[in-house]
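Reader: I like to work through a model by asking about its parts in turn. Can we do that with this one?

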Amino acid sequence: MRNDGVLILGAASDVGRAVARAYAAAGRPLILAARDAARLDTDLADLKLRGSPDARAVEFDALDLGAIQPFLDGLGELPAVAVCVVGLPGDQLRSQVDLGAAELVMRSNYVGPALILAALANRMEALGSGTIVGVSSVAGERGRASNYVYGSAKAGFTQFLSGLRNRLARKGVRVITVKPGFIDTRMTAGMKLPPLLTAQAQEVARAILAAEAKGRDVIYVRPIWRWIMAAIRLLPESLFKRTKL
Amino acid sequence: MILAGWGRHPRVECRLLSARGESEVRAAVAREAQLIPRGNGRAYGDSALNPAATLSLLPSDRLIAFDAATGRLTCEAGTLLAEILEVFVPRGWFPPVTPGTKFVTVGGMIAADVHGKNHHGAGSFGDYVESLDLALADGRVVRCSAHENPELLEATRGGMGLTGAILRASFKMNPIETATMRQETLRAANLDAAMALFEESRAWTHSVAWIDCLSRGSALGRSIFFRGEHARLDELPADERASALALKPRTPHRVPLDFPSFVLNRWSVAAFNELFYRRSAPGTELIDYDKFFYPLDALLEWNRIYGRAGFVQYQCVLPKEASRVGLGAILERIHAAGEGPFLSVLKLFGRQRGLLSFPMEGYTLALDFHARPKVFALLDALDEIVADHGGRLYLAKDARLSGATMRRFYKGSDALERFAGLRARLDPARKFASLQSQRLEL
């Protein structure tokens, strides 16, 4: 029988939940990995009814690097797909003055996600198959005053995924980078986000499933972001440094 | 943030909170001095608006249990009907009652005690709620069913969120063989003909009429009449039977911008109505349930066709014996005011339970109007006609009724007193309150 199980890292987030539902609707077996996994009991009941009868939740802390190998050992069979939605936007102003806060943002968006995927990638490489989906951010494409601590960590994560994809391209392991742009979640509730540029969590989930099915490498959830970020990347630094973006 | 109901009138600055699951709902209820629960914002007016705190239950949207032997579904209050359809229609189950949009939550359907095209035989959604869990103002969570707190269940269905926050509910769904409806379309030359069709269609599960409010004289109340049944498997063409329950994907269109307010005027509406009347050819056809129950959902954000000022829905019900005279008076009064309501719907209701639930045995008429001063004066006049004929209004669509008129609707009934008495006992400080409940002095 084909193993088509999906591991979702950071499954308690709004995007994680939406991804889980989309995979459940497709009838895929699910493992939800999150901190305080017991709080996902109601979600598990929901996912089972939606089409993933064996959905289960496991304890996972992306910042606990020592726990990575035992965590993967504990999964049993390696899932066919691992989707990492771990992340922490943090507060830019606080990150500027509080180095501890900045470090947490850096570890949550780069070190933690990159290393769990690194360990997973090695196991998939040994198996000769698997798909890794990393949810990064458009914020990683150019450092801006408004979010460069978060952006720099996402830049690292994006480059890490890029290198992983390059290394594993001929090893049967696929790596997909997802750049959602703004997402309408409980974390962004109350923020004034431009509707045209803001994706719903379900939209991100659909895009991830489509990218997996079509074998894409890098996707922007809303295509308009590709052009916006291209324009932002092209601005000469002498001009860019004076902008407020 | 600025919040509004589906009619986009009124728009009010509200503190919007959200809650996922029982613990967050209880924390919000304990913390806030005043609040109103909100589902997907499909009530038209100010039912789910409170500037002090409006608590969105949308994150509480999980399916909890389903019994495939009985069709009983238990889910959280914020679960969208659209999600339930997506998950359960392919398995052969359909909600027992559905309003004209699937973008409503289960909690909202209970709070408004919504009805559908099958009300004359099937009753309202509340009739199928076997139990619900309610977070009360005093911090308790109580189960309400026919056996536990039955009085609270009767007050909560149709209670517009004023008895407490619904956490989860269990209701029974009906088995279906296909995702298809057999629809029969008929023309009714005037109001009498339309009412005769409702009477003769009592044995049909679903019936509704789209009424042309601009026709006059002997054509007053001319209508397109629809009646329908869930199609059985043997009614489908042989090659479609294998996928009888499959959803046919349909890409919804979206109204991209607010129409300028002059787009909908009595002439354009008259032209639309004429076209609609002529295009709706009498006959029988098989259509998917989405088209049958949710024709307007195919046009996302259709409320924008009324422009920035928004619109008001006016839905009244008149007792059976007063319906013909009362409906005639309402249509004549609309003509006299020179207003052309768009998309008016006529429907025969059956008997109704529930303390404040809207339906009663008789005819209901739903009308849309631009929200503008002249219209509000007309609606006040319609209120009088409704009250004079022993009818009442649907609170889920109301944005402007007065408390005094509301009390006239319930003259001779102790429903309002009983509702107030129950709230005085459970929620003496009126923690659960909306702009509507304050306006209506509920």
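**Working through the model**

Reader: Which residue follows H1(A) and has a positive phi?

Author: First, this is a predicted model: local features need pLDDT of at least 70, side-chain atom pairs count only at pLDDT 80 or more, and totals for chains, interfaces and linings use all residues. Residues are numbered from 1 along each chain as its sequence is written, while chains are lettered from A and ligands numbered from 1 in the order in which they are written. Helices (H or I, at least four residues) and strands (E, at least two) are DSSP runs, numbered from the N terminus. After H1(A), with phi near 80 degrees, comes Gly27(A).

Reader: How far apart are the end C-alpha atoms of H1(A), and why does that agree with its number of residues?

Author: The expected span is 1.5 Å times one less than the number of residues. Helix H1 (residues 14–25) of chain A has twelve residues, so it should span 16 Å. That agrees with the distance in the model, which is 17 Å.

Reader: Is H1(A) mostly covered or mostly open, and how many of its residues are buried?

Author: Buried means 20 or more other C-beta atoms within 10 Å of a residue's own; 12 or fewer is exposed, anything in between is partly exposed, and the C-beta atoms are placed from the backbone. The buried residues of H1(A) include Asp14(A), Arg17(A), Arg21(A) and Tyr23(A). H1(A) is mostly covered, and the buried count out of twelve is eleven.

Reader: Which strands are at the edges of the seven-stranded sheet in chain A?

Author: The sheet is open with parallel pairing, in the order E3-E2-E1-E4-E5-E6-E9; two strands pair if DSSP finds at least two bridges between them. Each edge strand pairs on one side only, and the two are strand E3 (56–59) and strand E9 (218–220) of chain A.

Reader: At about what angle to E6(A) does H6(A) run?

Author: Axes are lines fitted to C-alpha atoms, for helices over the stretch in contact, and angles run from 0 to 180 degrees between N-to-C directions. Helix H6 (residues 148–168) of chain A lies across strand E5 (130–135) and E6 of chain A. Its angle to E6(A) is about 155 degrees.

Reader: Why does Ala121(A) count as buried, and which residues is it in contact with, leaving aside neighbours within four places?

Author: Ala121(A) lies in helix H5 (residues 99–127) of chain A. It counts as buried because it has 22 C-beta neighbours inside 10 Å. Contact means C-beta atoms, placed from the backbone, within 7 Å. By that rule its partners are Ile132(A), Leu164(A), Leu168(A) and Val173(A).

Reader: Over to chain B. Why do E3(B) and E4(B) each have one side without a neighbour, and by how many degrees are neighbouring strands turned on average?

Author: There, an open sheet of three strands has the order E3-E5-E4, with parallel pairing. Strand E3 (16–18) and strand E4 (36–38) of chain B stand at its edges with a single partner strand each, so one side of each is left without a neighbour in the sheet.

Reader: Which residue of E5(B) is the bridge partner of Arg38(B)?

Author: E4(B) and strand E5 (residues 54–56) of chain B pair in the parallel sense over three bridges. The partner of Arg38(B) is Ser56(B).

Reader: Which residue of E15(B) is the bridge partner of Thr185(B)?

Author: Strand E13 (residues 180–188) of chain B runs antiparallel to E15(B), joined by eight bridges. Strand E14 (residues 206–211) of chain B is also antiparallel to E15(B), with six bridges, and there Val208(B) stands opposite Phe226(B). The partner of Thr185(B) is Phe226(B).

Reader: Which strand gives the most to the side of chain B that touches chain A?

Author: The contact takes ten residues from chain B and nine from chain A. With four residues, the strand that gives the most on chain B's side is strand E6 (residues 63–67) of chain B.

Reader: Is Ala298(B) buried, exposed or partly exposed?

Author: Ala298(B) is in the loop between helix H8 (289–293) and strand E18 (299–300) of chain B. With 13 C-beta neighbours inside 10 Å, it counts as partly exposed.

Methods
Contact = placed C-beta atoms within 7 Å.
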